[in-house]
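The sequence and the model are shown below.

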Amino acid sequence: MRIIALDVHRSFAQMAILEKGVIRDAGKIELERSRLLHFAKTLRPNDEVVLEATGNTSAIVRLLSPFVARVVIANPNLVRVIAWAKVKTNKIDARVLAKLHASGFLPEVWMPDEETEARRCVTAERTQLVAQMTRLKNRIHSVLHAHLIPPYQGSLFSKRGRAWLEALPLAEDQRRVILRHAGELDRLGAELAELDKSLAQKALDDPQVRRLMTITGVNATVAMSVLAAIGDITRFSSPQKLVSYFGLNPKVRQSGDKPAYHGRISKQGRAHARSMLVEAAWVISGVPGPLRAFFIRIRNKRGKSVAAVATARKLAVIVWHMLSKDEDYTWSRPALLQWKLRYLELAAGYPSHRGGRQKGPAAAYSNKAVREAEREMVGQAEEAYRRFVASWKQRSPTGCSGAANEVRQS
């Protein structure tokens, strides 16, 4: 068996081959599809290829995988022998990769399947669009602030807000800046609507997305983002590993005989999925249910920000159990879920049935009595959680430290 290490760059890759304990340089290969495919045909079926994760890694792996026994992707953030080396060249980096893989000390990265890759592309594109629109809105606000114009009472980027912007007494150059940003906002908004339509169509066909949407406060965007980060849930043997993957676990430092110090969350891992879970936690803090009781309990001790992150961590644990056991959320609200699904159908381009004689599945949510009954049901669960915590505090001799341990271990 040979180990072929590739130090990948934008246009080429430096190769090193380790065979029978002897390592040698194998020159460079240009990263063009035809040349890489020609190189793949020269490999042996029992070869193993190793390379670091970078922007074009996915394409390289998909081309080489059918021709070799295994393609290993290394985590560049953890290969510190390369990152901290005093003498660092392409040839040395390729040799180090081959030696680390042969010794079994190479930190590997999971290669997502095509479905997970498609989810990640859609969620990443949507995130970029939203970020561009936010920057444009901030620029418009900065122009208004610079000219001492008070904030608009209402939605500034609605039709009425646009008419208000056009009527402002501004210099011609500043008016041109605002209108140019507003026009770009319209264009990006149309692209976002098309992307949301595609996302809604994918979400309706995905049973895992529907399952995560049974959690109050989790919509299709949050569910798709979390599933895109997770991929195959069997990769995580415990909920703690999933929490660590999202970077929601606290840092731990210990040296000598001193007690361990638990700091802030590590923030190592999928940043976008982590931010989506935190956003869902803020929504959950305003709706009745056991998770809101958890949020309030942590908020009263540590503040709102810590409570939101702790609730996001609790959500990650719940997501692991739901996906691993193929179970919906225990305290789901059926009428609210049907309303969410109907909203997805309309976003996906399904026909509207307004005015029809037959009521649709989401009609129950329009009934105030049904909504109140569901809120009362989850409110009782919230109150039961509070009573449980109160009785647990009376029995626990550790007091606040015991509550902190429960937050970390839950």
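## Terms and basis

Buried means under 20% relative accessible area, exposed means over 50%, and partly exposed lies in between, with a 1.4 Å probe and protein chains only. Helices (H or I, at least four residues) and strands (E, at least two) are DSSP runs numbered from the N terminus. Two strands count as paired if DSSP finds at least two bridges between them.

The model is predicted: local features need pLDDT of at least 70, side-chain atom pairs count only at pLDDT 80 or more, and totals for chains, interfaces and linings use all residues. Residues are numbered from 1 along each chain as its sequence is written, and side-chain values use heavy atoms, leaving out hydrogens and water.

## Strand S2 and its partners

Strand S2 (12-19) is mostly covered, with 6 of its 8 residues buried. S2 runs antiparallel to strand S1 (residues 2-8), to which 7 bridges join it. In this pairing leucine 6 stands opposite methionine 15, and a hairpin of 3 residues connects S1 to S2.

S2 is also antiparallel to S3, again through 7 bridges. Here glutamate 19 faces valine 22 in S3.

## Lysines with positive phi

The hairpin between S2 and S3 has 2 residues between the strands. Lysine 20, in this turn, has a positive phi of about 55 degrees and is exposed, at 79% relative accessible area.

Lysine 267 also has a positive phi, near 60 degrees. Lysine 267 belongs to the loop between strand S7 (261-265) and helix H11 (271-284), and is exposed, with a relative accessible area of 54%.
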